[in-house]
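Here is a short report on one protein chain. It moves from the whole fold to single residues.

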Amino acid sequence: MQKVIRVVEVAPRDGLQNERALVSTSTKVELINRLTAAGITHIEATSFVSPKWVPQLADAAEVMRQITRKPGTVYSALVPNTKGFENALAAKIDEVVIFTAASETFSQKNINCSIAESFDRFAPVALAAKEYHLRLRGSISCALGCPYQGDISVTAVADIVRRLRDLGCDEIDIADTIGVGTANQVKEVIRAAAQEFSIDHLAGHYHDTYGQALANILASLEVGLSIFHSSVAGLGGCPFAQGATGNLATEDLLYLLRGLGLPTAINLDEIVRTGDFISRAIGRDNASRAGRALLAKW
């Protein structure tokens, strides 16, 4: 029986967090509403981190208050600590996302603590998420390479997967934060992660820095992965990883899946229009090749 592919849209959070010019709350709300209307069922909507660290997402609570929620859609947010959890709970977030790294150096640069300390911070957040019956997702940055340490061992990734599993995560993301991963490497990492956690609840989050994101999607499909992150118009990067260009564009992912005969119930045309909307709204080029090609035909 063929697995159903799930697309997790990360543009409202991961896509916009790195924009220098502040994006208006109304634009963020319209982006999320357009994504929902197009059939996206899992949206990484915002982040409840300190505005000092990510000023672009300082309006997290207001965004969540204004969006039009669609029944059955999961709206998630990054939550670094108990204060963030309290704010996320008040904003009626459906899924709490905690984030660590497979690289000690990146962990220090990104969240100012060691990997071990990050788990100490997340433990009360994980307990609270379970207490309030919220989904808990763990994200592993630099799972395929680090801008500071270089290569990351497969055993290091598997160890983080195991620790996130033991923390109670319902889903775990394997993130190629700087986009250096290649197909065979992705297969090796996914297979190792699947020894520690059900592959049905592992997700691939691939950046396209070296143009390998779609190849890595194909490799992941070959070993049984069925959950993928993407960002409309290819928005995003990582403010703490130099050279980490945008995420895989949702338009490109959907075009690939359609060609493979893997339906998602997401309206590709509406996603293309949404990518055009947000690109124009924030004054930047649309990074989606499929999106640009389809727009040129209309």
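**Overall build**

This is a predicted model. The protein chain has 12 helices and 8 strands. Its radius of gyration is 17 Å, close to the 19 Å that the globule rule gives for 298 residues, so the chain is as compact as a globular protein of that length. Along the principal axes, the C-alpha atoms fill a box of roughly 50 × 40 × 40 Å.

Of the 298 residues, 58% are buried. The accessible surface comes to about 12,500 Å². Carbon and sulfur atoms hold 50% of that surface.

Contacts reach across the sequence. Take those between residues at least 6 apart: 73% of them join residues at least 24 apart. The chain carries 29 positive and 32 negative charges.

**Strand β8 and its partners**

Which strands pair with β8? Strand β1, residues 6–9, runs parallel to β8 and is joined to it by 4 bridges. Within that pairing, Arg6 stands opposite Ile227. Strand β7, residues 202–206, also pairs with β8 in the parallel sense, over 3 bridges. Here His205 stands opposite His229.

Are the faces of β8 covered or open? Both are covered. In a regular strand the side chains alternate between the two faces of the sheet. In β8, residues 227–230, Ile227 and His229 lie on one side. Phe228 and Ser230 lie on the other, and all four are buried.

Most residues other than glycine have a negative phi. His133 lies in the loop between α6 (115–131) and β5 (135–141). Cys142 sits in the loop between β5 and α7 (154–167).

Their surroundings are of opposite kinds. His133 counts as exposed because its relative accessible area, 73%, is over the 50% cut-off. Cys142 counts as buried, since its value of 0% is under the 20% cut-off.

| Residue | Relative accessible area | State |
|---|---|---|
| His133 | 73% | exposed |
| Glu104 | 38% | partly exposed |
| Val54 | 12% | buried |
| Cys142 | 0% | buried |

**Glu104**

Glu104 belongs to helix α5, residues 104–111. Its relative accessible area of 38% makes it partly exposed. Beyond its neighbours within four places in sequence, Glu104 is in contact with Ser114, Ile115 and Gln149. How far apart in space are Glu104 and Cys146? They are 42 residues apart in sequence, and 9.5 Å separates them, C-alpha to C-alpha.

**Val54**

Where does Val54 lie? Its place is in the loop between β2 (42–47) and α3 (60–66). Val54 is buried, with a relative accessible area of 12%. Leaving out residues up to four places away in sequence, Val54 touches Gln17 and Val49. Ala37 is 17 residues from Val54 along the chain, and their C-alpha atoms are separated by 27 Å.

Methods: Residues numbered from 1 in each chain as written. Predicted model: local features only at pLDDT ≥ 70, side-chain atom pairs only at ≥ 80, totals over all residues. Heavy atoms only, no water. Helix = DSSP H or I, 4+ residues; strand = E, 2+ residues; numbered from the N terminus. Rg over C-alpha atoms; globule rule 2.2 N^0.38 Å. Buried < 20%, exposed > 50% of the residue type's maximum accessible area, 1.4 Å probe, protein only. Contact = heavy atoms within 4.5 Å. Areas by Shrake-Rupley, 256 points an atom, 1.4 Å probe, with all protein chains shown as cover. Lys, Arg positive; Asp, Glu negative; His and termini not counted. Charge placed at Lys NZ, Arg CZ, Asp CG, Glu CD. Pairing = 2+ DSSP bridges.
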